[in-house]
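Work through the exercises below with the sequence and the 3D structure at hand. Each task is followed by a solution in steps.

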Amino acid sequence: MTEQNYESGENVPSRQRRRFAGISSRAYEHPADRSALVALRKLSGFDTVFKTLSGLLPERSLRLLFLSDSVRVSDAQFVHLNDMLRDACYILDLEKVPPMYVSQDPQPNAMCIGLDEPIIVVTTGLVELLDEEEMRAVIGHEVGHALSGHAVYRTILLFLTNIALKVAWIPLGNVAIMAIVTALREWFRKSELSADRAGLLVGQDLQASMRGLMKIAGGNHLHEMNVDAFLAQADEYEKGGDLRDSVLKILNLLPRSHPFTTVRAAELKRWSESRDYQRIMDGHYARREEDKDTSVTDSFRQSAAHYADAVRTSKDPLMKLVGDIAGGAGDLGGRLRDKFTGQGGGAAGKGGATGDSPGSARPDEPRDPEGPEPTGN
């Protein structure tokens, strides 16, 4: 695809949507994702070095593969997808429209990859599964990855991980590698939450975003599904049961690069109800021109605050126990026994203000996942 640039008065979305001129990806990034990206961006020349070494990576091979064995979206092919792509870039003010390909694959999927410039790939399974508004949110999701620079930094970190794997024979090497991979996947999962937010900013239709996630989870049977029931699954999953369930959830999540679909839906809904989202929609958001002045320390502080708030407000048994321990709750042995067995006796009345007694039940209303974070992200 030839480079496409927007000029004044051209390429407006197919229906009236707000445009976010000069928006910084910091405006919608999840705090944990944002802190990692801000730190990497401050390392002057870091990504440039790896771009010059792109010949060592399979990027060129992938570009040739998609060019030769997929369909490139353009004014002549998959025109409706091309319109959505240009709309998404217009709304998020991404000047250069990345090449997009449709690849034959029955598995619904989409990705944004590349070092020199991002490439967006969507599968035929996804194109056939989603309607126009749902697909618009997905394309916005991928454009959000491009604006954040996820494609560059993901590729860099994967490259570093591959190098580290070659020295895994060193004593304790496997332990160190697993720590790197685990941390990398945690960032990947948070970057997906960031991109979901970008998809909502592009589509500006929460129900379409919810429908798309439901279809990814349950297929093209929308008449058999219900958004409220789907979100209730996320709430049930988070509450978990006892500590055995909490441990199993962690083990299930560790090998994944994406959060579970119901969790993504619940996270996106909470963000759509937050003050930060409303301020963006009102035109008050972080600008790219301010990115160079962003403080790494402040970003990490916001990330730490987010995780602390997530532990404090979580309904998961393990996270509640961690919160109790941090709060100095008594009878730790009894609590561990009750949490693992799912029993409510023994220490039920001894936990104080942060315990699990009937009088201290946590509220179930949605909370802003960003907590008291300053506006502007």
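**Exercise 1: a charged pair**

Glu273 and Lys269 form a salt bridge through their side chains, with N and O 2.5 Å apart. A salt bridge here is a side-chain nitrogen of Lys or Arg within 4 Å of a carboxyl oxygen of Asp or Glu. The model is predicted: local features need pLDDT of at least 70, side-chain atom pairs count only at pLDDT 80 or more, and totals for chains, interfaces and linings use all residues. Residues are numbered from 1 along each chain as its sequence is written, and side-chain values use heavy atoms, with hydrogens and water left out.

Task: Classify Glu273 by its relative accessibility, then do likewise for Lys269.

Step 1. Take the cut-offs: buried is under 20% relative accessible area, exposed is over 50%, and partly exposed is in between (1.4 Å probe, protein chains only).
Step 2. Glu273 has 44% relative accessibility, so Glu273 is partly exposed.
Step 3. Lys269 has 26%, so Lys269 is partly exposed.

**Exercise 2: the whole structure**

Task: State how many salt bridges a search of the whole structure finds.

Step 1. The search gives 13 salt bridges.
Step 2. One network of salt bridges links Arg17, Asp87, Glu132, Glu133 and Arg136.
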